[in-house]
Amino acid sequence: MMHIDLYSDVVCPWCRIGKHNLFQALELWAEKGGEPVTVSYHGYLLDPTLPEEGLPFNDVMRSKIGTEAQLKQMTEHVTQAGAAVGVTFRFDLVKRMPSTRLAHRFVALLPAELQAAAIDELFRAYFEEGRDVAQLDEIRAVRAAIGAEESVIARLQNGEGADVLEADLAQARSLGITGVPFFVFNNRYALSGAYPADKIVQLLERVSKGE
């Protein structure tokens with residue numbers, strides 16, 4: 001059985017596209033009779049300096065990208081890239097750049113079978129509805145949407161999940177990860193970026209053959 005470790009951040013648009021493409025690739029892989037594949041999810045912080053309450057999205061992005069025109073060009077490019085693979089982005093609704101520590105801790109506390117759905121719902125909440133996923137009430141809404149146990153919220157409030165996130169961040173540093181999405185196949189092959197599904201299938205074939 002093949003295993004993939006996926007490092008991502010829930011406010012990273014290319015991570016949303018990359019995860020979508022990965023699962024498209026896994027569907028193609030299964031249709032071709034490829035071996036079973038499991039996926040583990042690891043948190044990554046695009047900006048670990050963000051305060052817990054987050055900051056205005058435009059202020060943060062302009063400080064990283066430059067002018068308003070450059071920011072507009074970037075968001076339009078991402079929106080078009082998403083639309084090309086069936087993923088929606090509504091940057092006009094995004095007002096905050098949240099700290100994603102709480103969201104990552106939430107995902108870490110979930111059963112493995114719910115983690116993919118939680119990440120997808122966090123992506124959708126942020127990029128399609130502009131919801132501030134740094135807020136506990138928004139995490140509560142995501143929990144309800146995916147049908148997770150209510151007890152996970154109390155565990156979050158007790159500080160659980162922080163050790164898992166810190167371990168993920170430490171592992172990312174040890175791997176030299178400086179950008180996401182970042183995929184590790186069978187602890188041997190690495191792929192950085194939102195590659196198209198057909199390119200991922202090609203890599204799956206190489207990994208399966210041990211090349």
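Trainee: Why is arginine 188 called exposed?
Mentor: Its relative accessible area is 59%. Exposed means over 50%, buried under 20%, and partly exposed in between, with a 1.4 Å probe and protein chains only. So arginine 188 counts as exposed. This is a predicted model, where local features need pLDDT of at least 70, side-chain atom pairs count only at pLDDT 80 or more, and totals for chains, interfaces and linings use all residues. Residues are numbered from 1 along each chain as its sequence is written, and side-chain values use heavy atoms, with hydrogens and water left out.

Trainee: Where does arginine 188 lie, and what does it touch?
Mentor: Arginine 188 lies in the loop between strand 5 (182-185) and strand 6 (189-192). Helices (H or I, at least four residues) and strands (E, at least two) are DSSP runs, numbered from the N terminus. Not counting residues up to four places away in sequence, arginine 188 touches Gly210 and Glu211. Contact means heavy atoms within 4.5 Å. The C-alpha atoms of arginine 188 and valine 207 are separated by 8.6 Å, and the two residues are 19 apart along the chain.

Trainee: What makes serine 8 buried?
Mentor: Its relative accessibility is 7%, so serine 8 counts as buried. Serine 8 sits in strand 1 (residues 2-8). Beyond its neighbours within four places in sequence, its contacts are Cys15, His42, Gly43, Tyr44, His104 and Val180.

Trainee: And why is glutamine 115 called buried?
Mentor: The relative accessible area of glutamine 115 is 13%, so the label is buried. Glutamine 115 belongs to helix 5. Leaving aside neighbours within four places in sequence, glutamine 115 is in contact with Tyr41, Val107, Ala108 and Leu110.

Trainee: What makes helix 4 mostly covered?
Mentor: Seven of the nine residues of helix 4 (residues 101-109) are buried. They are Leu102, Ala103, His104, Arg105, Phe106, Val107 and Leu109. These pack against strand 1, strand 2 (37-43), helix 5, helix 6 (136-146), helix 7 (151-157) and helix 8 (162-174).

Trainee: Which residues of helix 2 are buried, and how do you know that they line one face?
Mentor: In helix 2 (residues 57-65), the buried residues are Phe57, Val60 and Met61. Seen down the helix axis, they fall within an arc of 90°, so they line one face of helix 2. The arc is that of the directions from the helix axis to the C-beta atoms. Their cover includes strand 3 (55-56), helix 3, strand 4 (96-97) and helix 5 (112-129).

Trainee: At what angle do helix 2 and helix 3 pack?
Mentor: The angle is about 100°, with the axes 9 Å apart. Axes are lines fitted to C-alpha atoms, for helices over the stretch in contact, and angles run from 0 to 180 degrees between N-to-C directions. Angles of 65 to 115 degrees count as roughly perpendicular, under 35 as roughly parallel, over 145 as roughly antiparallel, and the rest as oblique. So helix 2 is roughly perpendicular to helix 3. Asn58, Met61, Arg62 and Ile65 of helix 2 meet Glu68, Gln70, Leu71 and Met74 of helix 3.

Trainee: Why are helix 1 and helix 3 called roughly parallel?
Mentor: The axes of helix 1 (residues 13-31) and helix 3 (residues 68-85) cross at roughly 15° and come within 10 Å. Helix 1 and helix 3 are therefore roughly parallel.
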